[in-house]
Every structure is written in C-alpha cells, then in structure tokens.
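Please report on the nonpolar cores and the salt bridges of the structure shown here.

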Amino acid sequence: MANPAKVIVMVASTDPVSKFDPARAGEYEQQSRVALAGYDACHELVSCVIAAALGSGVEAQILVAGAGGGAKEILNAATLEPQWRFTAVDPSQPMMDIAIERLKQHGILHRTKIVLGTVEDLPASEHFDAATLIGVLHHLPGDEAKIAILRSISQRLRPGAPFVLAGNHYAYASQPLLLAAWGERWRQQGAKAEEVEAKRARILQGADPPHSEEAVAALLRVAGFEPPLRFFSSLFWGAWVARRRAD
C-alpha cells in the first residue's frame, strides 16, 4: 500500500492532457453534472455492477484509469466495499490534484495508490481484479489511441475480470435530436442561448467518440474483452460492463 503522501510520477505527454489545465480541471465535475443527466446515478451503478460481478465483501484491487477530477468512481466504490483497494491513474496533474484532495476529505487516500501517468506506465506484471475507464475514451482521437488504452487495461486484468467503460458514443452531428436535447439540458440549467450555442460548437470540435454502440463493442473485442453489456444510457452517454477475455 502506497504512502498517502507519495505520488508516483510517470512521463505523459499526450494531446488530450493539455485540455485539462487548472481552469478546466476546476470546472470539470460541475460541467459534467449538467452535460450528463444522471451523473451520480451512473457512478453509483458502476460500483454496484463491479460488486455484483466480483461478489460483495471480498478483497479486490481496482484499477481506475482516468481517475482525476472528482474521483467519484473511487468514492462510491470505497463506501460500498471497504476491502477494495485502488490504483488511480491520470496523466493530468491539475485533475489528479483535485482527486487527491477529494480522497483526503473522505478519508480514502490511504486505500489508494496515486499514479500520475498512463496505464501503459504500470508494470505489465501487475494484475487487477476489476477496472474502470469513465469519461475518457471520447477524448482520444482515432481508433488506434482508443484501442491502445483499452488494450493496456485488458493486459493488466485477470482473465474474466469485469471492466466498466463509460463515455460518449455516436458522432455528435449524426444525432441532431440528441444534440438539440443536450442543448436544452443546458438551457434547463440556466444557460443563455449564446452560451448553449458556444457549448454545442465546442462539443462538435473537441472530442472523437466511437460512432455507435457497435463501434464500442468492436473496440473492446480488439482490445481483448468479451461482448459488453450496457447498463446505463443518457443521450450520447453510455456505460457498459465487459469481462476480460481468457487467453
């Protein structure tokens, strides 16, 4: 178990990291709660699905990729399962700083190893009982980068281990009704018309989600996972659980 004050620093210099500067990191969770209707419910269900897959009351090592920000995955899971331990990985220092502070506030940092870097930086010999990747995949441009992170997670899971993937899918412009409803969601929360249009323009330019649920399944298959089961959906957002395929 890592010393709570110790942060393992890895070298990471991918383009998506630069999106989460201190200003963006500070507003990210608040923005996400508006953009994703059901934000809390999705994160709560992630823990429930993993606990159902592993069995309640067991010891487990959980890999949380992209853990920076609110650390909701860890907070919910740690409350549900006191014997779980976590490895939190994120390449963004501002996002990880927020996560560390949140874990301190809730008394969970001592159960968490902090890795400032990427999953690929973890030893290939280190194997986990479950893993999550939430809100990350659609920030990675192209299938090659998406498969790379999914494969790096798969290679560090025990055969049959559950993996929860959550994020946006669909090419945004291909679903005009959902895109319009997304804008109405912002307006419902008090955003002015010009602010809604600015946010809509930003989402159209700032991410590259898989273009369908079938595309998500294909990426997972190539990376070494069994067919996924979707357990949550909200406009463009989806959450799936898939098991690491046995070799």
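The text below covers the cores, then the salt bridges.

The model is predicted: local features need pLDDT of at least 70, side-chain atom pairs count only at pLDDT 80 or more, and totals for chains, interfaces and linings use all residues. Residues are numbered from 1 along each chain as its sequence is written, and side-chain values use heavy atoms, with hydrogens and water left out.

**Nonpolar cores**

A nonpolar core is a set of buried Ala, Val, Leu, Ile, Met, Phe, Trp, Tyr and Cys residues joined through side-chain atoms within 4.5 Å. Buried means under 20% relative accessible area, exposed over 50%, and partly exposed in between (1.4 Å probe, protein chains only). The largest nonpolar core contains 35 residues, and those with the most contacts inside it are I62, I74, W84, F86, L103, I114 and W237. Helix α3 (residues 39-54) gives the most to this core, with six residues. Helices (H or I, at least four residues) and strands (E, at least two) are DSSP runs, numbered from the N terminus.

A second, separate core has 27 residues, including L133, V216, F225 and W240.

Contact means heavy atoms within 4.5 Å. Leaving aside residues up to four places away in sequence, W237 touches L36, C42, I134, G135, H138, A166, G167, N168, H169 and F232.

**Salt bridges**

A salt bridge is a side-chain nitrogen of Lys or Arg within 4 Å of a carboxyl oxygen of Asp or Glu. The structure holds eight salt bridges. The table lists some of them.

| Pair | N to O distance |
|---|---|
| D129 and R158 | 2.9 Å |
| E184 and R187 | 2.6 Å |
| R230 and E213 | 2.8 Å |

The side chains of D129 and R158 meet in a salt bridge. D129 lies in the loop between β4 (112-116) and β5 (130-134), and R158 in the loop between α6 (142-154) and β6 (162-168), so the pair ties together parts that are 29 residues apart in sequence. D129 is buried at 19% relative accessible area, whereas R158 is partly exposed at 40%.

R230 forms a salt bridge with E213. Here R230 belongs to strand β7 (residues 229-234) and E213 to helix α9 (residues 213-223), so this pair ties together parts that are 17 residues apart in sequence. R230 is partly exposed, with a relative accessibility of 40%, and E213 is partly exposed, with 27%.

E184 and R187 are three residues apart in helix α7 (residues 176-188), and are therefore separated by about one helical turn. E184 counts as partly exposed at 40% relative accessibility, while R187 is exposed at 53%.
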